Amino acid sequence: MAPTTTPEKSETPLRSRIFADLTPLRVSPDYRRLWCGNTISWMGQQMTALAVSLQVYALTHSTFAVGLVGLCSLVPLVVFGLYGGAIADTVDRRKLGLYSAAGATAMSLTLAGAALAGYHRVWLLYTVVAFQAVCFAMNSPARSSMIPRLLPTEQLPAANALNSLTSNLGLMGGPMLGGVIVGLWGYQAAYLIDVAAFSGSLYAMWRLPSMRPEGEGPRRRASVLDGLRFLATRPNLRMTFFSDLAAMVLAQPRALFPAVAVLWFGGDAKTVGLLVAAPAVGAVLGGLFSGWLGGIRRHGLAILIAVAAWGAAIASFGLSRQLWLGLFFLAVAGCADTISMVFRSTMLQAATPDAMRGRLQGVFIVVVAGGPRLGDFLAGSVADLTSPETAVIGGGLACVLVVAGLGLGRRAFARYDARDPQP
């Protein structure tokens, strides 16, 4: 008897090859709740981040004081990212995710309470931001380590593409929404909405089953150093970090946007906003049209090509003197970054034993948090010594050359096959 094939089944593969593959959301209720909860809470966190920056500036009228907000979050992310990953490999990840999300909720509630009470102190804002970063550093490795337990390996690229949509939509929409809300109803409104948004994450974590690391004993300890030693002996996983650092450290032009907006495009603050938004727009489009990524098996080669595309797009941006063309190249770079992130995250989840996933995700946080900041410093320094054009073009070309060297030096990485994940 011929198989019963419906039109829907024949159409679905075509849609999934073009648009983001929603299969993970359909097949796993736990992942669906986790993704929805994280999407809502991440939007609220970005609203709060903008509201804190606005409040600090209103209290101090100092851009330096606003810059310290980023430092207050960066240091805990780097320090507790590694430590949080080790904890995630020791305890029930569901409980760690639940408690850390509850802690972040309490921090937003503190901000709201202080604003409602009229207690406006910069030190309190800095302290809360630091504790929020600690909660995020504990929550993220636990949440990321759960995903390979909720979905089959072949669905991880689709899940990571969906996660990229969450991240980039939050980075785009959260600050815009936060600015509107602060302007209409004040800081306390943004903080209270963030408290309500965390309910989605808390509910998702609460509904998950117990998620203890596989293969652990009753007295098992997870050492940060053990995780780093494991990474040192796993060349494919190391390459995912090296390739990302090549892009974020060598070819990160965002610190130069205020200068190039004036020097290259004759613009103002609005032009800077467009330059900042362009990579995020490209990243969102990369996530929306990510269905074809699920058919790629050579993940290592895809990472090398995507990172080289990022570098080439940044170098091309350095050559452009028309605003629309510059925005186009930045959007291409953002799209390439999404593709790289999807495959890097998938390799990290699929090729890492469950007992090590938390620690490797902790390293991932440190690289993601620290790499762009080092890139800002390098780009700013080179631009001061030479010119913004040299910094942008040279950085982009250096990224392409370094990633090509990495590929030639570790040819097995380009042959990595998702059907047989080898760390």
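Tutor: Helices here are DSSP runs (H or I, at least four residues), numbered from the N terminus. This is a predicted model, where local features need pLDDT of at least 70, side-chain atom pairs count only at pLDDT 80 or more, and totals for chains, interfaces and linings use all residues. Residues are numbered from 1 along each chain as its sequence is written, and side-chain values use heavy atoms, with hydrogens and water left out.

Student: OK, how far does helix 7 reach from its first C-alpha to its last?
Tutor: Helix 7 (residues 156-185) reaches 41 Å with its 30 residues, close to the expected 44 Å.

Student: And where does helix 7 bend?
Tutor: At Gly 170, by about 30°. The bend is the angle between axes fitted to the seven residues ending there and the seven starting there. Just after helix 7, Gly 186 has a positive phi of about 95°.

Student: Switching to salt bridges: how many are there in the whole structure?
Tutor: A search finds 11, counting a side-chain nitrogen of Lys or Arg within 4 Å of a carboxyl oxygen of Asp or Glu. One of them joins Asp 89 and Arg 359, at 2.8 Å from N to O. That pair links distant parts of the chain, with Asp 89 in the loop between helix 4 (63-88) and helix 5 (93-116) and Arg 359 in helix 15, 270 residues apart.

Student: Is Asp 89 buried or exposed?
Tutor: Asp 89 counts as buried because its relative accessible area is 0%; buried means under 20%, exposed over 50%, and partly exposed in between (1.4 Å probe, protein chains only). Arg 359 is buried too, at 4%.

Student: What about Arg 344, which residue does it form a salt bridge with?
Tutor: Asp 244, with the closest N and O atoms 3.3 Å apart. Arg 344 is in helix 14 (residues 323-350) and Asp 244 in helix 10 (residues 235-250), 100 residues apart. Salt bridges that share partners also join Asp 89, Arg 93, Arg 149, Asp 354, Arg 357 and Arg 359 into one network.

Student: And which residue pairs with Asp 226?
Tutor: Arg 229, at 2.8 Å between the closest N and O atoms. Asp 226 and Arg 229 are separated by about one helical turn because they are three residues apart in helix 9 (residues 224-232).

Methods
Helices (H or I, at least four residues) and strands (E, at least two) are DSSP runs, numbered from the N terminus. The expected span of a helix is 1.5 Å times one less than its number of residues.
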